[in-house]
Protein chains: 2
Amino acid sequence: MFEQVQAAKERLKNYANVTPIMASRTLNRCISAEVYFKCENFQRIGAFKFRGAFNAICQLSEAQRSCGIITYSSGNHAQAVALVGQMLKVQTVIVMPNNAPATKRAATEEYGATIIEYDPEKKAREEVAQALKINHGYTMIPPFDHKDVIAGQGTAALELFEEIGNLDMLLVPCGGGGLLSGSAIAAKGMSPNCRTIGIEPELADDATRSFHTKKLHTIKNPLTIADGTRTPSLGKITFPLVLEYVDDMKTVSEEAIIEAVKFLFYRMKLVVEPSGALGLAAFDNNLKLLNKAIPAQYLPSTAKYNL
Amino acid sequence: MFEQVQAAKERLKNYANVTPIMASRTLNRCISAEVYFKCENFQRIGAFKFRGAFNAICQLSEAQRSCGIITYSSGNHAQAVALVGQMLKVQTVIVMPNNAPATKRAATEEYGATIIEYDPEKKAREEVAQALKINHGYTMIPPFDHKDVIAGQGTAALELFEEIGNLDMLLVPCGGGGLLSGSAIAAKGMSPNCRTIGIEPELADDATRSFHTKKLHTIKNPLTIADGTRTPSLGKITFPLVLEYVDDMKTVSEEAIIEAVKFLFYRMKLVVEPSGALGLAAFDNNLKLLNKAIPAQYLPSTAKYNL
């Protein structure tokens with residue numbers, strides 16, 4: 001699997017951004033550790049999802065490309081598939097819930113994708129997409145449960161290890177487990193003693209329960225503000241990979257996620273969506289302390305993240 | 001003067017951050033140009049002011065250091081002097097208006113500075129600081145009108161040219177003209193055909209008027225949201241430097257500044273204070289077009305910038 005992450009990195013060269021790695025002296029001093037942030041908010045479309053989508057779509061045959069591709073996603077994966085479709089001149093169809101964030105929908109349409117809406121209260125997105133795929137001959141590029149998507153997502157951690165060297169611990173947000181399993185594979189290949197910890201919102205703790213019980217748990221429409229982690233469960237491919245490569249799973253509270261977003265905004269000048277702040281949220285109590293110095297009237301409304 | 005900027009760069013090595021340079025494909029496509037952003041929001045204390053303060057204070061004699069230093073500033077220069085004082089173990093006194101942004105005041109106190117408040121409606125900050133300096137033997141580190149401060153500020157542009165090469169145009173925010181004159185000196189040294197343009201808010205256009213009439217104009221407490229440019233005028237040192245090295249001056253509207261802050265937030269995931277967005281604000285109409293795709297309910301309240 002590690003070779004597939006390395007091969008993905010070659011494919012992404014000149015297409016994906018090699019994102020910067022940031023640090024905060026304030027945080028490091030507070031927790032007596034060195035923490036590095038791999039800034040995938042600066043990736044194309046604003047999230048790591050571009051990596052997996054590109055790595056999967058660029059390997060399709062001419063025949064597959066000419067029929068078009070389909071996916072289901074409420075957010076970043078949709079934008080990623082739409083942008084890659086535009087870059088590689090492949091028609092894209094995105095199945096999106098009718099309550100998807102308007103920013104993400106607008107950005108997806110801007111890249112020329114066709115959006116098919118569905119009601120998440122009535123249907124599962126996979127079913128809607130599957131029916132369209134069969135009727136039209138599209139190729140499905142699922143958001144996480146696909147080996148080329150997983151290998152692509154792993155390239156962010158690969159770049160981190162290449163630049164920083166060995167790490168003691170790697171904290172990775174977990175939704176469907178694509179980024180988490182890809183990152184854990186990269187970690188074992190690059191820094192074998194590094195412990196990879198998956199981080200989930202308490203409100204969407206299906207993967208944590210699945211990891212600890214070794215049985216797949218699911219969750220329905222969890223109300224976490226970390227909308228990138230609202231997936232119902234790990235996948236057929238990601239679950240075994242998480243069990244094999246990930247060392248532990250932890251959950252964080254909604255309050256901790258908000259503290260992390262605030263810290264990134266005020267102290268590090270970074271705009272990071274809640275799902276991207278999960279790793280930092282693990283430092284809950286320290287963040288609360290550090291954020292105390294920010295007077296309340298200057299804090300951003302968190303309402304805008306509560307999509 | 002260019003040699004002084006180069007010497008400042010050597011002094012700052014291992015103390016200042018070499019800040020990243022970012023770009024936006026969306027912006028470049030829209031205006032058919034290549035634009036590079038030197039991200040001084042990622043500098044220590046969150047602004048370029050660290051560069052000038054460090055370059056000035058690290059050159060003080062032991063005798064001067066032992067007496068302590070003083071400055072007047074409502075914002076980033078205060079934090080910069082306070083942090084450098086902490087790093088070099090020099091006592092710092094900051095004269096600050098009683099309506100200074102609470103975040104900036106809190107950050108300054110955190111670095112161990114003593115803050116002396118004054119009422120900006122009743123007194124000029126320079127007078128308050130001057131009286132304290134004489135009574136206590138402090139050394140004054142003014143926010144812009146000081147050759148070592150100017151040389152330090154010029155190192156940001158120096159790094160930009162070193163990394164990117166020649167540029168056609170360099171857009172630089174202008175308050176008291178420290179960053180502007182330092183940057184223009186660096187530009188002439190590194191990329192002689194580059195035109196350096198100073199950018200000011202329309203509401204605080206004293207330097208633009210001074211530049212065009214070659215006579216020093218002043219302005220009193222301008223109400224621009226770009227609080228870093230609320231200085232009354234260019235200085236005794238910066239005015240002649242601006243006349244000699246700067247190629248042109250332009251003003252931007254408050255609305256354009258807000259569009260620039262929004263674009264940086266939503267499209268580039270960067271938290272940039274209004275004063276730092278002045279260069280981008282020059283692309284006014286293009287930004288409006290690009291920001292249109294962001295639905296209104298997801299726009300940040302600009303109230304929090306209106307300190």
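Among contacts in chain A (heavy atoms within 4.5 Å) between residues at least 6 apart in sequence, 70% join residues at least 24 apart. The model is predicted: local features need pLDDT of at least 70, side-chain atom pairs count only at pLDDT 80 or more, and totals for chains, interfaces and linings use all residues. Residues are numbered from 1 along each chain as its sequence is written, and side-chain values use heavy atoms, without hydrogens and water.

Chain A holds 14 helices and 9 strands, taken as DSSP runs (helices H or I, at least four residues; strands E, at least two) numbered from the N terminus. Of its 307 residues, 59% are buried, that is, under 20% relative accessible area with a 1.4 Å probe, protein chains only.

In chain B, helix α3 (residues 49-57) is largely enclosed by the rest of the structure, because 9 of its 9 residues are buried. Its buried residues pack against several elements of chain B, among them α1 (2-12), α5 (76-88) and α8 (147-164).

Chain B also has an open sheet of 3 strands in the order β7-β8-β9, with parallel pairing; two strands pair if DSSP finds at least two bridges between them. Its edge strands, each pairing on one side only, are tabulated here.

| Edge strand | Residues |
|---|---|
| β7(B) | 169-173 |
| β9(B) | 248-252 |

β7(B) and β8(B) (residues 195-201) pair over 5 bridges in the parallel sense, and P173(B) stands opposite I199(B) in β8(B).

Definitions and conventions. Chains lettered and ligands numbered in written order. Buried < 20%, exposed > 50% of the residue type's maximum accessible area, 1.4 Å probe, protein only.
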